[in-house]
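The coordinates should be kept open alongside the text.

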Amino acid sequence: MLPLIDAATRELLLANGRDRERDHHPVLKLFNPTGPATWLICAMEPDGDTLYGLCDLGFEEPELGYVSLEELKKVSAGLVIGLERDLSFRPMQPISAYARAARAAGRIVELGRPTTNISGNRR
């Protein structure tokens, strides 16, 4: 079983955590393969435990916030099939775009690249 966060991902999350003003793209997607819970993580605090991202526990109310890596590990250990990283996840937009789409859909949804209209403005 793969660790929830590998060393390279951890370093990127920590770097994002040091740049709090930026609307980062998610770095990591974790999910419960036997349930509805999904997390899109974009930053980690210097404590190495506090993660920031979009959390969807399957109650149709996804929200931006903080989650403990240690708590996720405990949840994972208690499942028949533990939490998994989505190794094919390629974030195309910043976390704020995922949050808007998730609030509208009631769950985390995949997003494509932003489109540009004739005037050059993103929509």
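This is a predicted model: local features need pLDDT of at least 70, side-chain atom pairs count only at pLDDT 80 or more; totals for chains, interfaces and linings use all residues.

1. Asn-32 touches Ala-37, Leu-79, Ile-81 and Leu-83, when residues up to four places away in sequence are left out; a contact here means heavy atoms within 4.5 Å. The residue lies in the loop between strand 1 and strand 2. Asn-32 counts as buried because its relative accessibility is 14%; buried means under 20% relative accessible area, exposed over 50%, and partly exposed in between, with a 1.4 Å probe and protein chains only.

2. Residues are numbered from 1 along each chain as its sequence is written, and side-chain values use heavy atoms, with hydrogens and water left out.

3. Pro-36 is placed in the loop between strand 1 (28–31) and strand 2. With 54% relative accessibility, Pro-36 counts as exposed. Its contacts, not counting residues up to four places away in sequence, are Asp-56, Leu-57 and Gly-58. Pro-36 and Glu-60 are 24 residues apart in sequence, and their C-alpha atoms are 9.8 Å apart in space.

4. The secondary structure comes to three helices and five strands, where helices (H or I, at least four residues) and strands (E, at least two) are DSSP runs numbered from the N terminus. Read along the sequence, the pattern is α-β-β-β-β-α-β-α. Buried residues make up 41% of the 123 residues. Among contacts between residues at least 6 apart in sequence, 46% join residues at least 24 apart.

5. Strand 1 and strand 2 run antiparallel and are joined by four bridges. Here Leu-28 stands opposite Ile-41, and Lys-29 stands opposite Leu-40. A hairpin of six residues links the two strands. Strand 2 is largely enclosed by the rest of the structure, because seven of its seven residues are buried.

6. Strand 2 and strand 3 are likewise antiparallel, with six bridges between them. The bridge partner of Trp-39 in strand 3 is Cys-55. Five residues separate these strands in their hairpin, and Gly-48 in the turn has a positive phi of about 75°.

7. Six bridges also join strand 3 (residues 50–56) to strand 4 (residues 63–68), again in antiparallel fashion. Tyr-52 has Tyr-66 in strand 4 as its bridge partner. The hairpin of strand 3 and strand 4 has six residues between the strands, and within that hairpin Gly-58 takes a positive phi near 90°. Gly-58 is also one of the residues that Pro-36 touches.

8. How many disulfides does the structure hold? There are zero, a disulfide being a pair of cysteine sulfur atoms within 2.5 Å. The sulfur of Cys-42 has its closest cysteine sulfur in Cys-55, 9.7 Å away, and this is too far for a bond. Cys-42 counts as buried at 2% relative accessibility. Cys-55 is also buried, with a value of 12%.

9. The largest pocket has a volume of about 200 Å³. On a 1 Å grid over the protein atoms alone, a pocket is an open set of points where a 1.4 Å probe fits, with protein on both sides within 12 Å along at least five of seven lines; lining residues have an atom within 4 Å of a point. Grid points are joined across faces, edges and corners, and the volume is the space filled by probe spheres set on the points.

10. By class, the lining has six nonpolar, four polar and five charged residues; Ala, Val, Leu, Ile, Met, Phe, Trp, Tyr, Cys and Pro count as nonpolar, Asp, Glu, Lys and Arg as charged, and the others, Gly among them, as polar.

Key:
Two strands pair if DSSP finds at least two bridges between them.
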